[in-house]
Amino acid sequence: MDKFIVQGGTPLNGTVAISGAKNATLELMPAALLAPGAYQFTNTPNIRDVWTMSRLMASMGVHCELNDNILHINTANITSQEAPYSYVKQMRASIHVLGPLVARYGYAKVSLPGGCAWGPRPVDFHLKGLEKLGAEITLDGGYIIARAKRLRGANITFDIASVGATFNLMAAATLAHGRTVINNAAIEPEVTAAGRLLQKMGAQIEGLGTPTITIEGCDNLKPANIETIPDRVETGTLLVAVAMTGGKATLTNTNPYHLAVVLEKLEEAGCELDIRADEITLTAPDQLKPVDVVTAVYPGFPTDMQAQWMSLMTCAAGTSTVQETIYKDRFSHVPELARLGCDIHVSENVATIRGGKGLTGATVMSTDLRASVAMVLAGLVAQGQTEVLRIYHLDRGYESLELKLEALGASIRRVKTDQL
Ligand code: EPZ
């Protein structure tokens, strides 16, 4: 196991490049199951979730190789349409293979994903949507078994604009017979990126990036290559790190348009932003202002930035609130932040942060991907040393985060530990 040892108090300055988007890659990869052949995805992040998806797809006979952030995939010799619990329990996004497999092979056996650190994460939208497309869905021994002679187009409306369900059903519909319309579709950039790959593969898709996506099914698709979009959550996370530590830094190879609301909130908090086509320069204020946020589906404030924002607000002079509307209980980072001296009170889905009180280093534990990075952010400003345990959570979604922070002047190092 690894941990990070962080010495707080150093302003972050300099320039660092953003990696490709984890949540785009976790859709691009399963999309390759729809058509046999060789694919190349550039700007792929070298992170644990990509390794997990690679191992899952390799267990199906897919060749996956990541070299210098170029992911080579070959789906010419798929031998299995099953996603075992051993993989799915590690990563909920394994469910993204369900739609492509049942669309191409008429069969898929995929483990139900478990819950996660912040409560149940159902897949009912995925299953109901596939049934509307004509799949027969049965649940047996913790597995989803989907069968269909050939999927047929349908009208599908989501109660909640689900990212994963939008991908799964958009992908499945590309090989269905007839037209599928997905209403209340997710418009996150990662879904749009996956849709762009499907279009390059020959899929007839209209309405990407809007709540209504229309797919005219076809008989087969062909492999394609694509460049992975930048990771908007890594971008927001590093901007928060610079803002909290009182520095000035430029993030390159990013897309400011994908996190417009986060940039607006950072400006409200007193940060000065210089925004170019693919880079953002943030200059931190002498004193951050408290700013309330409410998470929402895109283009609202991303739930995946909620924990990081909470860390930022512990440095603001005053009281702010963070309201989580996407998940029932995504506040597992609060008790750990409290150990660093953060004054945060949670009532139902609203956290109230009383900032400006100064933090003191301590040993804290990661509970999930974004909670773990919130600890690192707090450690960057806490007085003294902070040890963040269970860094494997963080490694799921951040490529060499400690090296990027070190390049900006942070005192952070990764060490092996027997501490659990
Ligand atoms: C994606 O998860 C992201 N993961 C999550 O990022 C992100 O938090 C989430 O979208 C919301 O933006 C990936 O893309 C791999 P949803 P997903 O389906 O697709 C409920 C990170 O940190 N729901 O949009 O699983 C669900 O419980 C991760 O990078 C149902 O009720 O999210 C949640 O309350 C964490 N039934 C809401 O919808 C369903 O069938 C949104 O979930 C599906 C979802």
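Predicted model: local features only at pLDDT ≥ 70, side-chain atom pairs only at ≥ 80, totals over all residues.
The chain splits into domain 1 (2-19 + 230-416) and domain 2 (22-225), so named by an automatic or database domain assignment. Taken over C-alpha atoms, the centres of domain 1 and domain 2 are 30 Å apart. Domain 1 contributes 24 residues to the contact, and domain 2 contributes 20 residues. Between them, the two domains bury about 1900 Å², and carbon and sulfur atoms account for 53% of that area. On the domain 1 side, the residues that lose the most area to domain 2 are Y298, R396 and E399; together these three make up 33% of what that side buries.

In total, 23 residues surround the ligand, with R92, D124, S162, D304 and I326 being the closest. By residue class, the shell consists of 11 nonpolar, 5 polar and 7 charged residues.

In P122, a polar backbone atom is 3.4 Å from an oxygen atom of the ligand. For R330, the N or O atom in question belongs to the side chain, and an oxygen atom of the ligand is 3.4 Å from it. In G164, a backbone N or O atom lies 2.8 Å from a ligand oxygen atom. The ligand taken alone exposes 820 Å², of which the protein buries 89%. As for secondary structure, the elements giving two or more residues to the shell are helix 1 (22-31), helix 5 (124-132), helix 6 (163-173) and helix 12 (369-381).

P299 itself sits in the loop that runs between strand 18 (293-294) and helix 10 (306-313). The other detail concerns N43, whose phi is near 60°, a positive value in a residue other than glycine. N43 is also a loop residue, found between strand 3 (38-42) and helix 2 (48-58).

Definitions and conventions:
Residues numbered from 1 in each chain as written. Heavy atoms only, no water. Near = heavy atom within 4 Å. Polar contact = N/O pair within 3.5 Å; in protein donor to acceptor, adjacent residues only side chain to side chain. Areas by Shrake-Rupley, 256 points an atom, 1.4 Å probe, with all protein chains shown as cover. Helix = DSSP H or I, 4+ residues; strand = E, 2+ residues; numbered from the N terminus. Nonpolar A, V, L, I, M, F, W, Y, C, P; charged D, E, K, R; others polar. Contact = heavy atoms within 4.5 Å. Buried area = accessible area lost by both parts, 1.4 Å probe.
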